[in-house]
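Q: I have a structure open and a few quick questions. Can we walk through it together?

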Amino acid sequence: MKLLSPATALLCLAPLAVTATPASFFGYTQDVIAEGAPVRGDNPLEYCSEPSGDILEIQSVDLAPNPPKAGTTLKIKAAGNLHGRVEAGAYVVLEVKYGLISLLRETADLCAQLTNVDLQCPLEEGPMVLTKEVDLPSQIPRGRYTVHADVYTKDNKRITCLDAKDIQF
């Protein structure tokens with residue numbers, strides 16, 4: 001039995017790496033955001049680095065329930081703006097920890113994972129909104145999890161870097 005599959009971990013964070021409504025449409029620009037700052041919306045996400053140079057400008061991410069609960073349907077709504085095209089070859093460096101134990105540490109093909117959120121490469125520059133429902137398995141062991149996703153284009157330009165710390169199932 002897998003404790004937490006890469007797809008489950010990516011479904012918690014990957015929508016943020018591929019989703020995006022432009023800030024200018026709403027009449028404001030992205031504020032200066034520091035490392036460790038929370039991502040706007042109802043979610044357990046933080047930026048793991050200062051995102052001003054990232055290709056993805058995240059406007060908001062809402063998860064219901066927040067925090068995610070084993071055996072429930074996780075509803076994800078994310079909005080933002082892509083400031084560059086995301087093509088085949090993009091990748092995510094993903095790490096999932098259970099307490100202090102590393103369950104997963106891998107580099108995954110981002111475009112291959114996009115099918116989990118009903119998208120495909122290439123992702124064109126501009127606004128996008130994503131809504132997705134994911135059934136979380138009831139077999140996820142109780143405990144505290146940390147997920148880290150550092151996402152890059154095929155040319156190693158950062159798309160985004162996000163952490164979800166201390167998620168308790």
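This is a predicted model: local features need pLDDT of at least 70, side-chain atom pairs count only at pLDDT 80 or more; totals for chains, interfaces and linings use all residues.

Q: OK. How many helices and strands are in the chain?
A: The chain has 2 helices and 8 strands.

Q: In what order do the elements run from the N terminus?
A: The order is α-β-β-β-β-β-α-β-β-β.

Q: What about the accessible surface of the chain?
A: The accessible surface is about 8200 Å². Carbon and sulfur atoms account for 51% of that area.

Q: New topic. How many disulfides does the structure hold?
A: There are 2 disulfides. A disulfide is a covalent bond between the sulfur atoms of two cysteines.

Q: Which cysteine is joined to Cys-48?
A: Cys-48 is joined to Cys-161, with 1.7 Å from S to S. This pair links distant parts of the chain, 113 residues apart. Cys-48 is in the loop between β1 and β2, and Cys-161 is in strand β8.

Q: Is Cys-48 buried or exposed?
A: Cys-48 is buried, because its relative accessibility is 14% and the cut-off for buried is under 20%. Cys-161 also counts as buried, at 4%.

Q: Which cysteine forms a disulfide with Cys-111?
A: That partner is Cys-121, and the two sulfur atoms are 1.8 Å apart. Cys-111 is in helix α2. Cys-121 is in the loop between α2 and β6, 10 residues apart from Cys-111 in the chain. Cys-111 counts as buried, at 14% relative accessibility.

Q: Is the link of Cys-111 and Cys-121 left-handed or right-handed?
A: The link of Cys-111 and Cys-121 is left-handed, with -80° about the S-S bond. The link of Cys-48 and Cys-161 is left-handed too, with -130° about its S-S bond.

Q: If I number the bonded cysteines in sequence order, what is the pairing?
A: The pairing is 1-4, 2-3.

Q: Let's switch to charges. How many salt bridges does a search of the whole structure find?
A: The search finds 8 salt bridges.

Q: Give me one. What does Lys-165 form a salt bridge with?
A: Lys-165 forms a salt bridge with Glu-46. Their closest N and O atoms are 3.4 Å apart. Lys-165 is in strand β8 and Glu-46 is in strand β1, 119 residues apart.

Q: Where does Asp-166 lie, and where is Arg-144?
A: Asp-166 lies in strand β8 and Arg-144 in strand β7, so their pair ties together parts that are 22 residues apart in sequence. Their side chains meet in a salt bridge of 3.1 Å, N to O. Asp-166 is partly exposed, at 46% relative accessible area. Arg-144 is partly exposed too, at 42%.

Q: What about Arg-85? Which residue does Arg-85 form a salt bridge with?
A: Arg-85 forms a salt bridge with Glu-124, where the closest N and O atoms are 3.0 Å apart. Arg-85 lies in the loop between β3 and β4, and Glu-124 in the loop between α2 and β6, so the pair ties together parts that are 39 residues apart in sequence. Arg-85 is partly exposed, at 41%, and Glu-124 is partly exposed, at 45%.

Q: Which residues are linked with Arg-85 in a network of salt bridges?
A: The network links Arg-85 with Glu-87, Glu-124 and Lys-154.

Q: Last one. Where is the place of Leu-82?
A: Leu-82 is in strand β3.

Q: Is Leu-82 buried or exposed?
A: Leu-82 counts as buried, because its relative accessibility is 1% and buried means under 20%.

Q: How far apart are Leu-82 and Ile-55 in sequence and in space?
A: In sequence they are 27 residues apart. In space they are 5.7 Å apart, C-alpha to C-alpha.

Conventions
Residues are numbered from 1 along each chain as its sequence is written. Side-chain values use heavy atoms; hydrogens and water are left out. A salt bridge is a side-chain nitrogen of Lys or Arg within 4 Å of a carboxyl oxygen of Asp or Glu. Helices (H or I, at least four residues) and strands (E, at least two) are DSSP runs, numbered from the N terminus. Buried means under 20% relative accessible area, exposed over 50%, partly exposed in between (1.4 Å probe, protein chains only). A disulfide is a pair of cysteine sulfur atoms within 2.5 Å. Accessible areas come from the Shrake-Rupley method with a 1.4 Å probe; for residues, only the protein chains shown count as cover.
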